[in-house]
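Hello,

Here is the structure I promised to pass on. Please open it and keep it beside you while you read.

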Amino acid sequence: MTVKEVLRAHTATHENASAKTRGEDGHAASVAPAATVAAGRAAQELGIRRAEFELAVHLGLIAVLGASGGGRPRVPEDEIARLREQPGFPDALVERVRTVGTAQGAALLDIAPARFTRLARAGCVSPVTFYLNRYRAVVWLYLADELAAFAAREPELLAGRTPPGMRTMLESGADWRARNWRSQRIDRLLDRTTDPWARSAVQASALDPVQLAEVVDDPYERAYLVRVRPEPVFGRPGSMAAREAMAELVLADDPDEILWRRVNLTLELDSAREDRPAPRPGDDGGAPATPPPRTGARPRAVRPAPAADPAAPLAPPACAGAPRPAAGGRTARRGLLARLGWCGRGAG
């Protein structure tokens, strides 16, 4: 799972706590760096499986530190101690990262698997990860905690007739699972960084090269977005088929979703360009390939909206899994269409 940005933030925090302290004479008094352990050792000490550990890091439940020289991240021993002191350890931590597939999820909600699939396709519940089965088909997995919360919040959707709007949407072939997975993945990456170029790179990761070139016409800026783009640190797909599936799933594939990603990227780029220019060939000490951690308020951007018009007949029901349109989103769309080169495409 992708955690590079949280690594930078936590690296800065721990460096501030354990950095060299200087006296009046300007000489540094070294303080021993925080003791850390490898990810596998940390998973063993926490009593959880490696897959559970990686998901916990992805969800922000476990803090990790970047290793010097770009090596594999490590876990501070005081972070392990903190987790071990939490009530209900380790069962509580295991439960927070417990995932279920369609059959198990349906059993958890006490509904038929077919109804669970319809709820997922309609965007009422969102997958947190996936794997490929032996037929190379994507199998979505859901957090058990989120399913339980959905059942408590929307009990009327678990029994009785499917609401007319949802039924119409499903009959049209809509499937929001990949889209909701992308939305949550992007939101988690954005929450881990305040650097405007890194945030722009997160938004750009959902666009294919053609779409990206239409929004970012400067080739040096596009190259810089690739350099600072967060990459998976844990949970990298092992097989070629899994890597190909991941590369396909991370890209927005609906005209309306693509438009909102372009809007968000444009707004993030405005903040990034105000902060610092992208490095150019021959720049002396230009902008670093890996941006430093930043503090303060994050640049504001329009949050992704699932539909151009929330009142449209194909809009998803008011479910927890479906992202909501941002306030003022339609105004932002009208004002940015020319910059996005979207006029005449019939999107939205």
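Below are notes on its salt bridges.

This is a predicted model, where local features need pLDDT of at least 70, side-chain atom pairs count only at pLDDT 80 or more, and totals for chains, interfaces and linings use all residues. Residues are numbered from 1 along each chain as its sequence is written, and side-chain values use heavy atoms, with hydrogens and water left out.

Side chains of opposite charge can pair when their charged atoms come close. The structure holds 17 salt bridges (a side-chain nitrogen of Lys or Arg within 4 Å of a carboxyl oxygen of Asp or Glu).

Start with Arg-199 and Glu-268. Their closest N and O atoms are 3.1 Å apart. Arg-199 sits in helix α11 (residues 196-204) and Glu-268 in helix α15 (residues 255-275), so this pair ties together parts 69 residues apart in sequence. Helices are DSSP runs (H or I, at least four residues), numbered from the N terminus. Arg-199 is buried at 3% relative accessible area, and Glu-268 is buried at 0%. Buried means under 20% relative accessible area, exposed over 50%, and partly exposed in between (1.4 Å probe, protein chains only).

Next, Arg-262 meets Glu-214 at 2.8 Å, N to O. Arg-262 lies in helix α15 and Glu-214 in helix α12 (residues 209-215), so the bridge links parts 48 residues apart in sequence. Arg-262 is buried at 0%. Glu-214 is partly exposed at 33%.

Asp-218 and Arg-280 also form a salt bridge, at 2.3 Å from N to O. Asp-218 is buried at 15%, while Arg-280 is partly exposed at 37%.

Best wishes

Definitions and conventions. Helices (H or I, at least four residues) and strands (E, at least two) are DSSP runs, numbered from the N terminus.
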